[in-house]
Amino acid sequence: MSELILHHYPTSPFAEKARLLLGFKGLSWRSVNISPVMPKPDLTSLTGGYRKTPVLQIGADIYCDTALIARRLEQEKALPAFFPEGQEMITATFAAWADSVVFQHAVSLVFQPASVAVRFGKLSPEAIKGFLADRAGLFSGGSATRLSAEQARHQWPTIMARLEQQLQREQGDFLFGEPSIGDFALAHSLWFLKATHVTSPLVDVYPAVSAWFGRVMGFGHGAFSEMTSEEALEVARNATPAALPDEQFEEPNGFEVGQQVVIAATDYGVDPVAGELLYAGSEELILRREDERAGVVHVHFPRFGFRIEAQ
Ligand SMILES: N[C@@H](CCC(=O)N[C@@H](CS)C(=O)NCC(=O)O)C(=O)O
């Protein structure tokens, strides 16, 4: 059986989400440390150009975006569930909102000058400049726009007051009663804010939220051991991609299996990945591509938030 390999770096909030997903399921995994900025030649040999963090690799199957990574981990181990029965729609939809709207607020709050000075205090001015230039590139060409710090500060109390109120109720251990993907999708943005004393009060002044945050973090990261990116490429080269799902799905825009296409995120990090469309289901798109270093790989994307274009 192929190992779960997470390509990530320690300070990434979405990587923290993925680590907690693995911890919640009690899974063992291998950890490949990647660069927080471009270029990422070993990662993009696997993905074909997708650069966001994290990426999950299982043999020669590469899963982009934590929304799809969660679904793949649910297949790996059904229980405890991220999408509890009867709450599939509400938990997935809430998670998508938290991953975009709440994360956007957190990014804006973390990148305020007073916070940047502390968070990046140990980096040289050149390194900070390089990082900010990389992030400007990340946001070019997509639909996402940066929320101003002023608007983020203005709206943050609304998000937190609603959350505090909901978590104060009885049976308020988790957002939807039992733990779900909603908890993890919200927690990683708060984790991002809690990283320095400048932004942590934005979370810490809410007692019910703080107690809930502690419960979510308490799931931990599961058991993992390090692997190099060269070893991960070798795993891909020596593996055969998994059999395709058998869902029958009518592709609404007429794309056909076997067609050469590009797939790209629509919000930010919109680098296109070219390949042969193998599968287009209601939740997932799969591309086949051949790479000099990774061999034949199947790259998986969520349908939602990604686009297909004929080549
Ligand atoms: N929708 C993506 C968002 C991932 C994301 O925005 N990751 C950030 C790090 S937290 C990123 O890719 N930053 C640029 C980079 O790491 O190169 C997901 O759920 O995985």
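The centres of domain 1 and domain 2, taken over C-alpha atoms, are separated by 24 Å. The model is predicted, so that local features need pLDDT of at least 70 and side-chain atom pairs count only at pLDDT 80 or more, whereas totals for chains, interfaces and linings use all residues. Residues are numbered from 1 along each chain as its sequence is written. The domain assignment gives domain 1 as 4-80 + 223-310 and domain 2 as 88-217, bounds that come from an automatic or database assignment. The contact (C-beta atoms, placed from the backbone, within 7 Å) takes 18 residues from domain 1 and 21 residues from domain 2. On the side of domain 1 that touches domain 2, the largest share, 7 residues, comes from H1, a helix being a DSSP run of H or I with at least four residues, numbered from the N terminus.

The axes of H1 and helix H8 (residues 181-193) come within 8 Å and cross at roughly 130°, the axes being lines fitted to C-alpha atoms over the stretch in contact, with angles from 0 to 180 degrees between N-to-C directions. H1 is therefore oblique to H8, a class that holds the angles left after roughly parallel (under 35 degrees), roughly antiparallel (over 145) and roughly perpendicular (65 to 115). Among the residues of H1 that meet H8 are Phe 14 and Lys 17.

Helix H1 (13-25) and helix H3 (66-76) each also supply at least two residues of the shell around the ligand. Of the 13 residues around the ligand (C-beta atom, placed from the backbone, within 6 Å), Ser 12, Phe 14, Lys 52, Thr 53 and Thr 66 come nearest.

Key. Contact = placed C-beta atoms within 7 Å.
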